[in-house]
Amino acid sequence: MGQFSDDDEDEFTHYLSESQINHEDPCLWWKARENVYPKISVLAKNILCIPASSASSERVFSTASNIITPKRNRITPYHLSALVFLKNNY
């Protein structure tokens, strides 16, 4: 891992020389060129699949704040984590 070959560098150089995307869906662009850029397309698809919303993380913080109340202020981090997990995955 972490080792690059000349083919990797050629693929990246070829990608950099490509014209820029013009308001095209990036997922469709990478799908159409996955044979041209096999290694870079895998990386791009992994990055593009990350949701652009923080709603799920906000929900977890909200759940945690609902669990920790003035009467439950001494709960351990382990137990808080377990309760948040149970609440969000049940």
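Predicted model: local features only at pLDDT ≥ 70, side-chain atom pairs only at ≥ 80, totals over all residues.
Residues are numbered from 1 along each chain as its sequence is written, and side-chain values use heavy atoms, with hydrogens and water left out.

The predictor's confidence in each residue is given as pLDDT, on a scale from 0 to 100. The chain has a mean pLDDT of 83, and 90% of its residues reach 70 or more. Helices are DSSP runs (H or I, at least four residues), numbered from the N terminus. Among the elements of the chain, the lowest mean pLDDT, 82, belongs to helix 1 (residues 6-17), and the highest, 90, to helix 5 (residues 77-89).

The core comes next. A nonpolar core is a set of buried Ala, Val, Leu, Ile, Met, Phe, Trp, Tyr and Cys residues joined through side-chain atoms within 4.5 Å. For burial, the relative accessible area is used (1.4 Å probe, protein chains only): under 20% is buried, over 50% is exposed, and in between is partly exposed. The largest nonpolar core has five residues, namely Trp-29, Trp-30, Tyr-37, Ile-40 and Ala-44. At least two residues of this core come from each of helix 2 (26-32) and helix 3 (38-48). In soluble globular proteins, nonpolar side chains tend to be buried together.

Helix 3 has Ile-40, Ser-41 and Ala-44 as its buried residues. These residues lie on the same side of helix 3 because they cover an arc of only 100 degrees around the axis, the arc being that of the directions from the helix axis to the C-beta atoms. Ser-41, in helix 3, counts as buried because its relative accessibility is 2%. Contact here means heavy atoms within 4.5 Å. With neighbours within four places in sequence left aside, Ser-41 is in contact with Trp-30 and Glu-34.

Rings of Phe, Tyr and Trp (its six-membered ring) pair if their centres lie within 6.5 Å; planes under 30 degrees apart count as stacked, over 60 as edge-to-face and the rest as tilted. The count by this rule is seven aromatic pairs. Trp-29 and Tyr-37 are a stacked pair, because their ring centres are 6.4 Å apart and their planes are at 20 degrees. Trp-30 and Tyr-37 have ring centres 6.1 Å apart and planes at 65 degrees, so this pair is edge-to-face. Trp-29 is buried at a relative accessible area of 4%, and Tyr-37 is buried at 1% relative accessibility. Trp-30 is buried, as is Tyr-37. One aromatic cluster is formed by Phe-12, Tyr-15, Trp-29, Trp-30 and Tyr-37.

The cysteines are a separate matter. A disulfide is a covalent bond between the sulfur atoms of two cysteines; the criterion applied is a pair of cysteine sulfur atoms within 2.5 Å. The whole structure contains zero disulfides. The sulfur of Cys-27 has its closest cysteine sulfur in Cys-49, at 8.8 Å, which is too far for a bond. Cys-27 is partly exposed, with a relative accessible area of 42%, and Cys-49 is exposed, at 56%.

Thr-63 sits in helix 4 (residues 55-67) and counts as buried at 10% relative accessibility. Not counting residues up to four places away in sequence, Thr-63 touches Val-84, Lys-87 and Asn-88. Leu-80, in helix 5, is buried with a relative accessible area of 17%. Leu-80 touches Ala-64, Ile-67, Ile-68 and Ile-75, again not counting residues up to four places away in sequence.

Helix 5 also holds His-79, which counts as partly exposed at 45% relative accessibility. His-79 and Trp-29 are 50 residues apart in sequence, and their C-alpha atoms are 45 Å apart in space. Leu-80 and Pro-38 are 42 residues apart along the chain, with 43 Å between their C-alpha atoms.
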